[in-house]
Each structure stands twice: as C-alpha cells, then as structure tokens.
Amino acid sequence: MGNFGAKIDKFIEIFIDQNGSAKVIEGLENTLLIAICGLIIGIVIGTLIAAVRVMPKYSRLSRILNGFCSFYVGLFRGTPMVVQLLVFYYVLLPLIGLKMSGVTVSLLVFGLNSGAYISEIMRSGIQSVDPGQMEAGRAVGLSFGTTMMKVVIPQAIKNILPTLGNEFIALIKETSVVSFVGASDLYVAFNYIGSNSYEFMVPYLVMALIYIVLVLIISAGIKLMERRLKRSDRRN
C-alpha cells in the first residue's frame, strides 16, 4: 500500500509541478475536438451516402453515384483507422504537397471513417421509416431530395439516435491512435507523465477513469435526448 501511495505522490508531482496538467487538458481538448468534429462530418457524409443508396436507380447517374458510395463505404470499413491515418498523413499529403497538423488530419480521417459507418446506420434508419411518408411527400409535390431531408431523415434520426451515440463513444475511444500522426491526445498526455515519473500504473489508471467518465456522460446525454424525443412524440 505504501508503494502505491508513493506512485500516487509521484504522479501528483509530475501532474502539478512539471506541466502534466496542461498536457492532460490539451489532450482532453484534442480528444473531444476530434471526436465531436469527426461525428459531425460523419453525419453529413453518412446522410448523403445513405440518401444516394436508397434512391431509385432509374438513371445512369444514380447508379454511378451508388457505385461510388459503395466503394467508399467498403474502403473505409475495410481498413483500420490507424492505417487510414498513416496513409493520409505520410502518403497522400506529401504526394499532393499539403501540410496539415496531426489534429487536423485526425479530425478529417475520423470524419471520413465515421461517414462510412454512419451511412449504414442512417440507411437502416431511413428504411425503418414508413414508405408512406415518402409517398405522401411526393404526392404533395415535393422532390425526392426535399422529402428525404425534411420528412424522412428527421424521423430516421429518432430511430437511430442510440446507435449514433454508440458511434460517438467509439470515436472517443479510437482517438487513442492519433499519436501515430503526432497529435496530442489523452494517451500522449498520460504517457508523458508516465515517462517522466518512470511509473505508468497510476497515469494509465487515471486515463482509463477519464475515458469511463466521458462514456458515462455521453450515455446519460443520449438517454436524456431519447426521453425528450419520446415526450414530443406523445404530445404529437
């Protein structure tokens, strides 16, 4: 027990006196920024892809778009996130001559990756909506796109909200790989503390605790949103 107390004292010393707290705050901010922006980008991309994949394939353009979307989803779902980060940062960016920070690259790659998964989530949500909703919208003169965006997708989001919450939680946890492209996240921050104290037990336990707290907060927020949506449905 005394040995564990010494480990805690060393952790507190590095955390307070050697800039450990600033690194943890920076890492937490980057973790949340990458996950939140990645989710937003993913929702936009995923919604567009889902709309393309459920639209009637009458025209040649719709079939071409559907083929491109299928390739995109297969590409990003078929390769690990860390591989996508490495290829984007160390291969694609040098080829096109662009320079981006590790955080920016991580944000974009997380968004592109999330878009592939959310497209399938959104597609199942759209298909769970009564087909009569689309028919009703078209009957009053709305286009396919307008009916999809204003009638079908809002109802689909209600159905898939818990799954979107799970995707956000997955993004939060997957940010631990962004250190491969030089981005500072919670793992980098606590690894810094462990390296300076030559003791990794307490830093890694605290890091795990922070991830657990983040997941619990997100889960509580999703449940609260679900309850509010159910209340609005009852009023309607």
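In the second largest pocket, α4 gives the largest share of the lining, five residues. Helices here are DSSP runs of H or I with at least four residues, strands are runs of E with at least two, and both are numbered from the N terminus. This is a predicted model, where local features need pLDDT of at least 70, side-chain atom pairs count only at pLDDT 80 or more, and totals for chains, interfaces and linings use all residues. Residues are numbered from 1 along each chain as its sequence is written, and side-chain values use heavy atoms, with hydrogens and water left out.

A pocket is an open set of points on a 1 Å grid over the protein atoms alone, where a 1.4 Å probe fits, with protein on both sides within 12 Å along at least five of seven lines; lining residues have an atom within 4 Å of a point.

Besides α4 (81-96), the elements that give two or more residues to this second lining are α3 (60-77) and α5. Among the lining residues are Leu75, Phe76, Val83, Phe88 and Leu112. The lining divides into eight nonpolar, two polar and no charged residues. Nonpolar means Ala, Val, Leu, Ile, Met, Phe, Trp, Tyr, Cys and Pro; charged means Asp, Glu, Lys and Arg; the others, Gly among them, are polar.

Now the largest pocket. About 250 Å³ of space lies in it, a volume being the space filled by probe spheres set on the points, which are joined across faces, edges and corners. It has 13 lining residues, and the closest to its centre are Val54, Ile126, Met134, Phe144 and Met148. Here α6 gives the largest share, four residues.
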